[in-house]
Amino acid sequence: MSSSKSLTGKVAWVTGSSRGLGRVMAEHLCELGAKVAVHGSRPDSPKTFGEGVSMQQLADDIAQSAGGEAMAVWGDITQPEEVRRAANEVREKWGRIDILVCCAGGDIGAGGTGVGKGGRPENDDCLNIDLDDIRSVMDRNLLGTILSCREVAAEMMQRRTGCIVTIGSIAGCYGRPTGSIYAVAKAAVHEYTRCLAAQLRDYNIPVNCVAPGGTVTERFLRIHEVDQEQLVEEGTLNRYGRPHEVARAVGFLCHNDIFISGQVLRVDGGGQTFPC
């Protein structure tokens, strides 16, 4: 893992990589030498928060900036047939999927990102959130992760090689009175990761979860009341994280020669130091 191109020859699929954290993860894996499939829900997903024009342009930009190869796929990650179609497009181009990063998710309700503050549900607590919003948040985070893993794990098991990284959140590590269903969904992702890791251990496939803290993305700035003092980028760990810091943790866990599996790695500058 010392080489700057330590993932050369690998094929990675990063779900939810049309913008924000996922986009930076995809670019970092491409910089490490992997061929990367970027994914959004629609062909124009990068437009959602003004972070691009199309998935194809995004793939081209990543390939150019990273000096590697990238392709674009899109589809609803909560629908099995859409997950299968997207995965098959990757296989048709590059033959297989060696690395799966399940980044698709977010606290987005049934109305989508165009409603309210970037799609964040109203009354997002344990008792008052709308039932459709519950389903949306749970499906985007937990079901999408499960379906993606189910689609890709079988080929990894057959080859006895590969690795899976899910994306959780520090929100899933503690109780909170608002943002509750998102916290429940991410806690479920954490536990699914542990269970899948136990199931795939005999197949030599590490499965881990990265749980970011508050990280500066375009959507983060739009939906949160931002503490300006936390926007500093260096000199203290008492700050918001940056996407490249999360991406580096993901890149580290995307090597199947690590003796680490079933873990939830919090990337929050030590904001949480209790066991989880």
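This is a predicted model: local features need pLDDT of at least 70, side-chain atom pairs count only at pLDDT 80 or more; totals for chains, interfaces and linings use all residues.
Local features need pLDDT of at least 70 and side-chain atom pairs count only at pLDDT 80 or more, while totals for chains, interfaces and linings use all residues. Residues are numbered from 1 along each chain as its sequence is written, and side-chain values use heavy atoms, with hydrogens and water left out.

Me: How many salt bridges does the structure hold?
Reply: A salt bridge is a side-chain nitrogen of Lys or Arg within 4 Å of a carboxyl oxygen of Asp or Glu. One of them joins Asp98 and Arg96, at 2.9 Å from N to O. The count for the structure is 15.

Me: Is Asp98 buried or exposed?
Reply: Buried means under 20% relative accessible area, exposed over 50%, and partly exposed in between (1.4 Å probe, protein chains only). Asp98 has 6% relative accessibility. So Asp98 counts as buried.

Me: Is Asp107, the salt-bridge partner of Arg120, buried or exposed?
Reply: The closest N and O atoms of Arg120 and Asp107 are 2.9 Å apart. Arg120, at 30% relative accessibility, is partly exposed. Asp107 has a relative accessible area of 7%, so Asp107 is buried.

Me: Which helix holds Arg84, the salt-bridge partner of Glu151?
Reply: Helices (H or I, at least four residues) are DSSP runs, numbered from the N terminus. The closest N and O atoms of Glu151 and Arg84 are 3.5 Å apart. The two are 67 residues apart, with Glu151 in helix H4 (residues 131-159). Arg84 sits in helix H3 (residues 80-94).
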